[in-house]
Amino acid sequence: MLLCVSAVLALVVGGLPGHPEALVAVLNASGLLGLGLALVVRCRGQLGAVGLHVLLVGVSLGASAAALAASASHASTAFMVWYCAVVAVAVAASSWSGAVAHVALAVVSAALLHLERGTGSPTAVLVVGCALVLTVVVTGRAVHSAGDAGVDGLTRLPTRRAFEQRLSSALEKAQAQANAGEQAPLVSVLLLDLDHFEVVNRTHGRDGGDDALRTAAGQLRAALPSDAACARLEGDRFAVLLVRRDDAAVPTLARDLQRAIAPLQASVGAAHAEAEQDYTTLLRRAEVALHAAKEAGRDCLRTADSYDEQLVRGLRRALLNPSIQVALQPLVDPATERVLGVEALARWHDPARGWVPPAVFIPVAEKNGLIPDLGQVVLERACRDALQLVHHLGRPLTLTVNASGAELVRPQYVDDVAAVLHRTQWPARDLVVEVTESSLDAASQDTLATVEQLKQLGVRVAIDDFGTGYSAFSQLDNIPAEFLKLDTSFTATTTTSTRRQAMLAALVTLCGELGIQVIAEGVETAEQAELVARFGCDLAQGYHYARPMLVADLIAELARRSAPGHPVHPAPALQDHALGS
Ligand code: C2E
Ligand code: MG
Ligand code: MG
């Protein structure tokens, strides 16, 4: 609008004889300002390709007419600025074919104008030509370097490279916060792909397609919350980065963005960063989710939420509450079945999934850096619950807790254990940390150092799951453990294989020589119980004696058993099947 007014004014005023040069300069300046505004509006997607072409042709012709009508001969050169501006806008904001057409029109108009005004000397034509070429080169270079600087030439949104850099630093920041023990924000990526965009290109041509992309980019930008960032990755694909406390805002945001670009439609794929995830993996997962959205019929949102990811988020929440519980399973003297200790086993009831078995959530916690927090929560809870049991029984008990390899390699692990013992007043000598052979193998030096420090603290160590594939007699020498726990699978075969019986007998003798107590795990039948007692195992654990139970249930169960006239073994109805594995 401003441009048209400027052009008309230029025509009218320039045509009046005797007008000062200053006025021509003012008109030129306002015209250029108008062109600048047109460029901005175009980049925001509010001016279509056809509108832009009409405007630029109008300006070129208007400038020629104004220059022709102007009385002063210098006007033809002064109005050259308009041609240069038209060329610059065409190169910056229109397709290459459009830009070439506008350059050609400007060159022809300029040449005709100079010939008509008698200023068409070779030097003047050369100067005009050079000015136009220079404009094309400078504008082209500026557009190119804007791309280098991370700005997409078509939509003025950040480019893929700029987005990846931003995403990468958001992930690094979140990871650093997590490492520092702070609650890290959740980094989410949404990929938007315009549905059936090829139809737009086919129907409206490339320019029409470019227009639609500019418009969509402008609308997306307007619909974004202030803490989100948007980029154009390529073609009709856009990406949004969102850093929030949780994922609750993602579906709403996806819907808002889809509404903003209507009547165009978009499929959306979202992915949330898992711990220590790099940006390429996150983007790849968002791609997979986007593909799923397309497969599901387009114009919808799909989230790259693997079962693991949902678990991780649920587990994070559970650790914050904390709603992780501990089941205690008695360790008994096989000869008398008297309870001498308990093993603490982590239990997690997720509101959405119900009871999740440790075999599922422990590996997920290990993979996602949650195991140190989980270990601490379990240890503290175990000490407090076991204290209740000790008070009930009126005698000391041994408490065993499981530790993953990822916990044992942490330099502060022993300090954390000491802090829990101090807080809960559980005696160090009554605590046994169970470590699996596999975790000891994985990081032997660091882990062995931790084991040594635990012993200095007075805490004892058990080798868990002996006989599951990593068993090596050399471990008995390398690891200064006080207990060896025979795995359930080993115990199960002792009643069916005489060779296993021989091995059990030899193992019990060997451990006796080394001062290591043998605990038989997974004792399920009376026959197994009789056998482990006969072969001299120091302790036994298994469903035959008791299932893992929450402390209140265990206290009630032990009280029931000690009451006169009651059977020693629990009736199935009283067993906590949900808590046992
Ligand atoms: P584990 O340390 O070897 O624990 C013994 C597992 O055997 C427990 O499974 C227990 O419920 C089960 N069990 C007990 N008696 C019997 C029996 O008679 N027969 C059979 N078939 N199984 C029996 P749960 O509680 O599912 O734990 C599985 C594993 O998860 C544990 O094996 C341990 O490696 C891990 N885990 C549990 N809690 C924690 C924890 O707080 N931290 C770590 N790092 N790992 C844990
Ligand atoms: Mg164990
Ligand atoms: Mg075990």
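Guide: Welcome! A metal donor here is an N, O or S atom within 2.8 Å of the metal, and water is not among the atoms, so sites may look incomplete. Keep in mind that this model is predicted.

Visitor: Which parts does the pair Glu343 and Glu434 tie together?

Guide: Glu343 belongs to strand β7 (residues 339–350) and Glu434 to strand β10 (residues 431–436), so the pair links parts that are 91 residues apart in sequence. Glu343 is buried, with a relative accessible area of 2%, and Glu434 is buried too, at 1%.

Visitor: Which residue bridges ligand 2 and the magnesium ion (ligand 3)?

Guide: That is Asp464, and the two ions lie 3.8 Å apart.

Visitor: Now to ligand 1. Which residues come nearest to it?

Guide: Of the 24 residues around ligand 1, the nearest are Asn402, Ser404, Asp464, Glu524 and Tyr543. For polar contacts, look at the oxygen atoms of ligand 1: one is 3.0 Å from a polar side-chain atom of Glu343, one is 2.9 Å from a polar side-chain atom of Arg347, and one is 2.8 Å from a polar backbone atom of Tyr543.

Visitor: How much of ligand 1 does the protein bury?

Guide: Ligand 1 exposes 790 Å² when taken alone, and the protein buries 85% of that. The space it takes is the second largest pocket.

Visitor: Which element gives the largest share of the shell around ligand 1?

Guide: Strand β7 does, with 4 residues.

Methods
Residues numbered from 1 in each chain as written. Chains lettered and ligands numbered in written order. Predicted model: local features only at pLDDT ≥ 70, side-chain atom pairs only at ≥ 80, totals over all residues. Heavy atoms only, no water. Donors = N, O, S within 2.8 Å, 3.2 Å for Na, K, Ca; no water. Helix = DSSP H or I, 4+ residues; strand = E, 2+ residues; numbered from the N terminus. Buried < 20%, exposed > 50% of the residue type's maximum accessible area, 1.4 Å probe, protein only. Near = heavy atom within 4 Å. Polar contact = N/O pair within 3.5 Å; in protein donor to acceptor, adjacent residues only side chain to side chain. Areas by Shrake-Rupley, 256 points an atom, 1.4 Å probe, with all protein chains shown as cover. 1 Å grid on protein atoms, 1.4 Å probe; cavity = no way out; pocket = protein on both sides within 12 Å on 5 of 7 lines; lining within 4 Å. Sits in = over half its atoms within 2 Å of the grid points.
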